[in-house]
Amino acid sequence: MKKAILILCVLLLVVPAALFAGGSTEAVASGADSKMGGVLVFGRSGDSVSLDPGRETDGESFYASTAVFDTLVEFVPGETAVQPALAKSWDVSANGLEYVFHLREGVKFHDGTPFNAEAVVFSFERQFKQDHPYYNLGPWKYWGYMDMDNIVKEVVAVDDLTVKFILKKVEAPFIANLAMDFASIVSPTAVAKLGEEFKNNPVGTGAFKFVSWTKDSDIVFDRNADYWGGPVYLDRLILKVIPDATSRWLALQKGEVDLIDFPSSEDIPAMRSTKGIQLIQQAGLNVGYLALNTQKKPFDNKLVRQAMNYAIDQKEIVEGAYGEAGQVAKNPLPPNMWSYNDDIEDYGYDAAKAKELLAKAGYANGFKMELWAMPVARPYNPDARKVAEIMQAQLAKVGIQAEIVSYEWGTYLDKTDQGEHQAAMLGWTGDNGDPDNFLWVLLSEPAAIPPAGNIAFWKNREFTDLLAKAKATADQAQRDTLYRQAQVIFHEEAPWVPIAHSVVTVPAKDAVKDFVLYPTGKRVFKHVWLEK
Amino acid sequence: MIKHILKRLALLIPTLFGVITLVFLMIALAPGDPARVMLGERANAEQIAQLRAELGLDKPLIQQYGLYLSRVVRLDLGKSIATGQQIAREIADRFPATIELAWYAMIFATIVGMLLGVTSAIRRNTWVDYTTMGGALVGVSMPVFWLGLVLIMVFSVWLNLLPTGGRMNIRYYFTPITNFYVLDGIILWIKEGTPKYLWSAIQHLLLPTIALGTIPLAIIARTTRSSMLEVLQQDYIKTARSAGIREKRVIYRYALKNALLPVITVIGLQFGLLLSGAILTETVFSWPGIGRWIYISIGARDYPAVQGGIIFISTFFVLINLAVDILYSVVNPKIRLQ
């Protein structure tokens with residue numbers, strides 16, 4: 001017994017000491033003059049569910065699949081506009097129902113098979129043709145989320161490098177859908193070979209080739225030396241899972257990872273003052289708002305709705321509840337989305353003006369209202385309860401007595417989409433970077449039918465007509481104008497008090513260069529390089 | 001003996017039945033419609049109805065319960081909503097990581113805890129005793145989450161000695177063999193002649209082991225101390241001493257052996273509890289085990305996964321306790337006779 005304990009003690013003491021000796025990670029030697037080379041480790045908060053982007057709906061899955069796969073069109077880095085990718089160009093028929101894509105030649109999948117029209121047809125048909133041999137590898141959830149069944153009628157290979165999409169209805173945002181991850185082009189040969197296992201061994205045309213995946217730990221990718229989109233600088237890309245935000249920050253400080261996702265907002269000031277760390281920031285593609293139910297008193301009166309906008313000081317709310325993770329909103333669209341109308345002047349905070357409008361509307365002595373706050377933290381509203389409390393105090397100053405009401409999340413959503421509230425907070429995160437994905441779902445007349453996405457139940461003919469027109473127009477410049485006009489009407493009619501957009505922060509080592517955040521939430525590493 | 005074990009095994013059935021029922025009710029009685037909560041803002045009526053059907057929520061409660069029970073009895077824990085994989089497979093994939101960590105944490109807690117306990121008992125009411133027991137009190141009350149972060153801060157960031165998390169240096173591009181990384185490290189040492197995998201595995205184990213082992217360590221130390229004190233006052237110890245047997249022999253050979261009984265109970269209980277402590281430790285140290293998986297499943301509102309995870313951990317807990325009971329009768333013949 002005694003001997004055993006002694007031996008174990010010695011082991012306990014000696015083993016760690018011996019370990020300390022051979023600790024640190026080796027540096028990567030490479031050509032110092034170029035951007036080429038290096039291993040980049042990205043510390044993220046969760047693991048991918050699978051690596052087949054057609055099947056999944058979560059951002060973490062897309063982080064990995066974006067590295068491996070390409071889409072026909074892609075988002076311009078840092079923007080919501082789309083640009084050619086695997087398709088060199090495309091034509092839209094006069095009636096807006098046929099899109100013809102001209103594919104890039106000479107592109108190869110990682111397994112060596114050629115990328116062609118047949119692969120494009122395969123990648124889409126597997127998601128909606130029920131008799132497709134690999135349809136059963138689904139469910140193809142995002143296809144459903146984006147309502148693609150009601151948009152796409154057929155995908156046809158015209159010749160080896162030409163693909164035609166035939167639509168069921170005129171839908172301009174369709175092109176943005178094709179830049180989303182679920183529309184990734186997969187290698188038909190690899191799917192046929194691997195079947196169910198394809199989701200763990202993805203084969204695409206992307207900047208990085210899949211190497212290995214240790215569940216809940218890390219995914220490793222190697223550079224695709226034959227990438228069609230120019231040189232890929234990194235030798236290796238590793239996505240490492242570190243679920244706790246503080247642990248991620250510690251790992252970055254120690255240098256085990258090169259950049260991290262989702263820092264906790266309390267740590268951001270410290271990060272800013274840490275030497276060797278840069279903060280890469282961008283507004284998230286979302287909006288948090290207070291919807292004023294236009295079908296109920298007193299918010300059926302435009303003047304009252306405007307008064308609410310004057311009475312609520314978003315700056316104080318962002319400072320008090322969002323901290324570093326938010327910026328004040330004035331439009332329903334996030335500022336990094338094309339067609340965002342920056343000419344609109346914020347209502348701003350003006351209690352006197354609010355009182356004046358209330359008096360004009362016949363509420364000189366204010367009124368009582370229910371203020372609904374969500375019970376959960378969302379990216380667009382990290383603490384609705386706190387936001388509600390700040391609003392409550394602000395509204396009291398103009399004579400409005402707000403009572404804060406909250407329900408369990410599921411119930412809250414049910415009640416708001418049925419219109420039981422007077423005024424309720426909610427928000428939205430965009431999918432495809434198209435303004436239609438905000439304005440139509442949240443503010444159009446058809447969206448005001450329960451279960452409603454338009455929980456202000458705001459029914460404005462002029463506004464809806466503008467959106468419908470924009471949906472039916474393929475010309476981006478024209479659409480841009482229409483959406484700008486729509487935002488003017490929104491501002492005047494004030495169905496919401498827009499609160500804030502989240503701000504996404506990625507802290508990185510200074511050595512990480514050319515990493516750009518995408519509004520759509522992608523994390524893209526194909527142009528990133530490391531300073532040596 | 002066999003009768004005793006069989007009796008204990010029979011008692012397992014109502015216990016597990018209770019656990020399954022509780023876990024089922026936990027979800028069934030949770031406020032709101034789980035389908036609605038899972039789908040969030042973007043749900044339409046059709047998708048909600050589909051998910052409700054998938055989860056069986058459209059059936060009457062009693063029928064849901066019957067179905068659930070019949071599946072669990074057949075060892076079918078269902079599929080995870082998040083991944084669509086069999087929950088049994090999800091658990092099997094992650095169990096080695098958790099067991100490895102819990103095992104080393106327990107060894108650490110047992111050895112150090114017993115040593116400290118015995119030392120305190122011998123040096124009762126000296127500064128050694130006070131320091132040890134004071135330390136144990138601090139250890140018991142330390143939140144695992146906080147302790148983990150402090151350990152990382154000190155040993156990884158400031159002193160730059162140990163990694164901040166994970167199970168293996170990710171730049172080794174290592175493919176697990178058994179999924180027990182220390183064992184894999186030894187195998188690779190033999191096969192490839194390099195101990196680097198073993199070293200890396202142990203380095204990654206150290207901090208989580210300490211974080212997870214601290215609370216059980218403190219409890220074991222306190223139990224050992226009080227149990228030792230009791231035994232040391234008994235007549236046979238006095239007899240042994242007066243017979244001139246060396247003090248160390250008296251303590252480790254005669255006293256400790258008899259003081260061990262309550263300590264074994266505590267060790268057994270703590271080992272079971274370690275699995276729940278692992279939820280926090282695994283999260284802080286990015287340890288890809290069951291605890292973290294349950295934590296993530298809770299966040300993702302993956303109810304079948306949470307249910308499956310809890311049933312698994314409870315079963316494990318009950319089995320460990322059974323093992324302790326059996327061990328008991330081995331150590332103490334008196335129990336066998338009863």
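Modeller: On the face of helix 6 of chain B that is turned away from its buried side lie the exposed residues B:W127, B:G134, B:L137, B:V138 and B:S141. The model is predicted, with local features requiring pLDDT of at least 70 and side-chain atom pairs pLDDT 80 or more, whereas totals for chains, interfaces and linings use all residues. Residues are numbered from 1 along each chain as its sequence is written, while chains are lettered from A and ligands numbered from 1 in the order in which they are written.

Helices are DSSP runs of H or I with at least four residues, strands runs of E with at least two, both numbered from the N terminus.

The buried residues of helix 6 of chain B are B:T132, B:A136 and B:G139. They lie on the same side of the helix because they span an arc of only 60° around the axis, the arc being that of the directions from the helix axis to the C-beta atoms. An α-helix has 3.6 residues a turn, so residues three or four places apart point the same way. Helix 6 of chain B comprises 15 residues, 127-141, and reaches 21 Å from its first C-alpha to its last, close to the expected 21 Å; that expectation is 1.5 Å times one less than the number of residues.

The buried residues of helix 6 pack against helix 5 and helix 9 (196-232) of chain B, contact being defined by C-beta atoms, placed from the backbone, within 7 Å.

Helix 5 (residues 87-122) of chain B also packs with helix 11 (residues 247-284) of chain B, at an angle of about 145° and with the axes 9 Å apart. Such axes are lines fitted to C-alpha atoms over the stretch in contact, and the angles run from 0 to 180 degrees between N-to-C directions. Among the residues that meet are B:A102, B:A105 and B:A109 of helix 5 and B:V263, B:I267 and B:F271 of helix 11. The residues of this contact divide into 16 nonpolar, three polar and no charged, where Ala, Val, Leu, Ile, Met, Phe, Trp, Tyr, Cys and Pro count as nonpolar, Asp, Glu, Lys and Arg as charged, and the others, Gly among them, as polar.

As for the setting, chain B has 14 helices and zero strands. Of its 338 residues, 39% count as buried.

Note on methods
Contact = placed C-beta atoms within 7 Å. Buried ≥ 20, exposed ≤ 12 C-beta atoms within 10 Å, placed from the backbone.
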